[in-house]
Amino acid sequence: MDAHGEACQEADSSLLALLDCLAEYQGARASSGALLRQGFFDLAVARRSAGYRWISPGRHHGNARCTASVAIDGHSGDIRLVRSGSGHAPDTAARVADDHDQGVRRRRHQHASDNEGSDGAASQLPPEESECAPADPDDPLLWFGVLVPPALRDAQGRFRAALDQLVRLAQLKAQLAQRRQQAHRAIEAARA
Amino acid sequence: MAQHAAHKNRTLIAAIGDEDTVTGLLLAGIGDVNAQQQANFLVVEAKTTQEQIEDTFLAFTKRPDVAIVLINQHIAESIRGILDEYDAAFPTVLEIPSKDHPYDPEKDSVLKRVQLLFGD
């Protein structure tokens, strides 16, 4: 194959790579858009139950540090989402909520646990102790109170998922720019 | 590779959006206030001026710790001139839909540049 043919082939490959990246970008756009729409809906439901002014950016803790950040690879320039969260012992507010909840659940299961010995069943942890994970003291949900509407938790889940997609979009945007330049150079070389 | 290494300290995601968008993103955990009491988000309300939005956008793009700037597309339209002039790799600027303004692909600068390549 002569040089011109190789240049044309190179240009075709570059364009195909660009189009693949573009398809991925549009897919990430669509999924992030859908997640954001669902998040806005959940937020509206939460506001309807808790009050409009109760759920607003004004609840942001003045000294809070972010729990969702990004890490940029120094070699490749890849961007990835990093979530920080202690997952350690809950702070006082969350601990009170946990104790309160466990107390309620213990009363319900106390009869069952009392019967365990008579039934000869192997002793087991009460379900609430195995299911109850320590609350994250850095969780932004805590800014809105201890008992938040379930819709607010749903909204948080949607926006977290949307953030994953948005960081992926940022990564794809950088890749698109790079492949666009490569395709442009390949096309110019093929025309020469 | 050296240019990527220079951006390793960029970890924050900044946001310029309406109340719903910023509330949701804060719930997702992006909210940060540094030691100089500079927040990485701006809530755009009816009384927010275009100058404030422009100043905040420029401030976010000049911060060495910001990696991504998320901005509602309808707010981006109000500062389109500055956005079109911005071509740095980092922080990356991403336009996102809001509750009342769905995403319009015809205004996506990324897609516009690809279309230019194909001669559209």
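Q: What makes a pair of residues a salt bridge?
A: A salt bridge is a side-chain nitrogen of Lys or Arg within 4 Å of a carboxyl oxygen of Asp or Glu. This is a predicted model, in which local features need pLDDT of at least 70, side-chain atom pairs count only at pLDDT 80 or more, and totals for chains, interfaces and linings use all residues. Residues are numbered from 1 along each chain as its sequence is written, chains are lettered from A and ligands numbered from 1 in the order in which they are written, and side-chain values use heavy atoms, with hydrogens and water left out.

Q: Why are A:Arg168 and A:Glu24 called a salt bridge?
A: Their side chains meet at 3.4 Å, N to O, and the limit is 4 Å, so the pair qualifies. A:Arg168 lies in helix 4 of chain A and A:Glu24 in helix 1 (residues 3–50) of chain A, so the pair ties together parts that are 144 residues apart in sequence. Helices here are DSSP runs of H or I with at least four residues, and strands are runs of E with at least two, numbered from the N terminus.

Q: Why is A:Arg168 called partly exposed?
A: Buried means under 20% relative accessible area, exposed over 50%, and partly exposed in between (1.4 Å probe, protein chains only). A:Arg168 has 34%, so it is partly exposed. A:Glu24, at 38%, is therefore partly exposed too.

Q: What makes A:Gln171 count as buried?
A: Its relative accessibility is 12%, so it falls under the 20% limit. A:Gln171 lies in helix 4 (residues 150–191) of chain A. Not counting residues up to four places away in sequence, A:Gln171 touches A:Gly77, A:Asp78 and A:Ile79, where contact means heavy atoms within 4.5 Å.

Q: How do you know that a salt bridge joins A:Arg65 and B:Asp32?
A: The closest N and O atoms are 2.7 Å apart, which is within 4 Å. The pair crosses between chains, from the loop between helix 1 and strand 1 (68–72) of chain A to the loop between helix 2 and strand 2 of chain B. A:Arg65 has 54% relative accessibility, so it counts as exposed. B:Asp32 has 2%, so it counts as buried.

Q: Why do B:Lys99 and B:Asp20 qualify as a salt bridge?
A: Their closest N and O atoms are 2.9 Å apart, so the pair meets the 4 Å limit. B:Lys99 is in the loop between strand 4 and helix 6 of chain B and B:Asp20 is in helix 2 of chain B, 79 residues apart. B:Lys99 is partly exposed at 41%, whereas B:Asp20 is buried at 8%. Salt bridges that share partners join A:Arg47, B:Glu19, B:Asp20 and B:Lys99 into one network.

Q: How do you know that chain B and chain A bury area between them?
A: Buried area is the accessible area (1.4 Å probe) that two parts lose on being put together, summed over both. For chain B and chain A this comes to about 4,200 Å², 70% of it on carbon and sulfur atoms. In chain B, B:Leu27, B:Leu94 and B:Leu117 lose the most area to chain A, together 16% of what that side buries. By contact, 47 residues of chain B meet 55 residues of chain A. Across this interface the rule finds 4 salt bridges.
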